[in-house]
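Subject: Structure handover

Hello,

Here is the structure I said I would pass on. My notes on it follow below.

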Amino acid sequence: MADPAAGVRPPAVARRLPGRARRRTDVLREYEEFNSDRRRAIPPVLWPFFAPDPDRYYRWRVQLDCACVKELLTPGDRIPPSERQWRGLGDGEALPPGQVYCRHDDSADAPYRDIVEWGDRREVSFAADPVEPPEWADADVWAVIRHDEAHTSAFWKVTLACGHVEEVVAPALDWKPDDGPRLAEATRVKQMTEEFEQVWDSDPMLQSGHQREHTRRMLAAGWPRPRPERSCHTCPDARAIVAYQRVGWLIPRNEALKPEIPPPARAVLERRLRRAEAEAERLRVQLAGHEERRDAR
Ligand SMILES: [Zn+2]
Ligand SMILES: [Zn+2]
């Protein structure tokens, strides 16, 4: 597990790793399939930026701090995968440099981490809950937690002390991070503290040890909303790259397009970039037109 308390990790080393690289043709076929799906959603002029041809990619094998060995592709062969940012599960948030998501069935519980930065905000509207309780709730529990009116909540992206990104719900729609957390009344906190102690005595399995410690910290802090800390569901499965091994280009260089020799002049490259940007802007305007017409229908 990537632990921020573990201090600065020594840089990853280049060395031979156990096992062998996968068959290049298998890796290439997978990339081509993935890329053709991805290209359906991207205008061709932007493919070089967001869905490049396979000849740009270089293959590496990496060993993680969980001991697993994985293969990764990077654009170009200069910057090793341990100095790059990889995404979390699926199309998740970017992980801190050199970390890779590797899920294990026996991963630790999600640890609580302090919130160090507030990012984007989004609003989500919810319909009123049905009167009938869902299968997972008793009628009396449902009576307490059910929302009997439609409501809207504000969700904020937060960066945690470990560098991972999570989302928290604000105590009110108009709440802003500068407002600071809202505290419960002292008498109410005292009452809740007693209630929690009773519940923990009668049902020791209700919360795990680290959840209970979190609840105790929040009660001691006056039951702040939003909480100044959040459980990080990325930490248990974010592993650091400890070593890497070069494999080679996804398409061997003698088969790939030769680089332009001599390389084009700066002015030529700038002109090509301006042309690509203008084309991208034109496509964006066209796309926006499509969306407006669709919305108007
Ligand atoms: Zn692993
Ligand atoms: Zn984390």
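Is L72 buried or exposed? At 13% relative accessibility, L72 counts as buried; buried means under 20% relative accessible area, exposed over 50%, and partly exposed in between, with a 1.4 Å probe and protein chains only. L72 is found in strand β3. Helices (H or I, at least four residues) and strands (E, at least two) are DSSP runs, numbered from the N terminus. L72 and I42 are 30 residues apart in sequence, and their C-alpha atoms are 23 Å apart in space.

Before you read on, note that this is a predicted model, in which local features need pLDDT of at least 70 and side-chain atom pairs count only at pLDDT 80 or more, while totals for chains, interfaces and linings use all residues. Residues are numbered from 1 along each chain as its sequence is written, chains are lettered from A and ligands numbered from 1 in the order in which they are written, and side-chain values use heavy atoms, with hydrogens and water left out.

Zinc sites

The zinc ion (ligand 1) is coordinated by C66 (SG), C68 (SG), C102 (SG) and H104 (NE2), at 2.0 to 2.3 Å. Donors are N, O and S atoms within 2.8 Å of the metal (3.2 Å for Na, K and Ca); water is not among the atoms, so sites may look incomplete. The four donor atoms around ligand 1 subtend angles of 107 to 115°, which makes the arrangement tetrahedral. Four donors count as tetrahedral if all angles lie between 85 and 135 degrees; four count as square planar and six as octahedral if opposite donors are over 155 degrees apart and all others between 65 and 115; anything else is irregular. The sequence spacing of the donor residues of ligand 1 is C-x1-C-x33-C-x1-H. One of these donors, C102, is buried, with a relative accessible area of 4%.

Which residues hold the zinc ion (ligand 2) as protein donors? They are C162 (SG), H164 (ND1), C232 (SG) and C235 (SG), lying 2.1 to 2.3 Å from the ion. The site of ligand 2 is tetrahedral, with angles of 103 to 117° among its four donor atoms. Its donor residues are spaced C-x1-H-x67-C-x2-C in sequence. H164, in the loop between β6 and β7 (165–169), and C232, in the loop between β8 (229–231) and β9 (238–249), are 68 residues apart, and the pair links distant parts of the chain. H164 is buried at 1% relative accessible area, and C232 is buried at 0%.

Aromatic rings

The structure holds twelve aromatic pairs. Rings of Phe, Tyr and Trp (its six-membered ring) pair if their centres lie within 6.5 Å; planes under 30 degrees apart count as stacked, over 60 as edge-to-face and the rest as tilted. One of the pairs is F126 with F155, which is tilted, at 6.5 Å centre to centre and 55° between the planes. F126 lies in strand β5 (residues 112–126) and F155 in strand β6 (residues 151–160), so the pair ties together parts that are 29 residues apart in sequence. F126 is partly exposed at 33% relative accessible area, whereas F155 is buried at 18%.

F196 and W200 form another tilted pair, 5.3 Å centre to centre with 35° between the planes. Both lie in helix α4 (residues 186–202), four residues apart, about one turn of the helix. F196 is partly exposed at 21% relative accessibility, and W200 is buried at 3%.

Ring pairs also link Y58, W60, Y244 and W249 into a cluster. The charged end of R253 sits over the ring of W249, 3.5 Å from its centre. A charge sits over a ring if NZ of Lys or CZ of Arg is within 6 Å of the ring centre and within 35 degrees of the ring normal.

Backbone details

W223 is in the loop between α5 and β8. Phi of W223 is near 55°, a positive value in a residue other than glycine. W223 is buried at 17% relative accessibility, and the charged end of R227 sits over its ring, 4.1 Å from the centre. P226 lies in the loop between α5 (209–220) and β8, and the peptide bond from R225 to P226 is cis, with omega near -5°. A67, in the loop between β2 (57–64) and β3, has a positive phi of about 85° although it is not a glycine.

Regards
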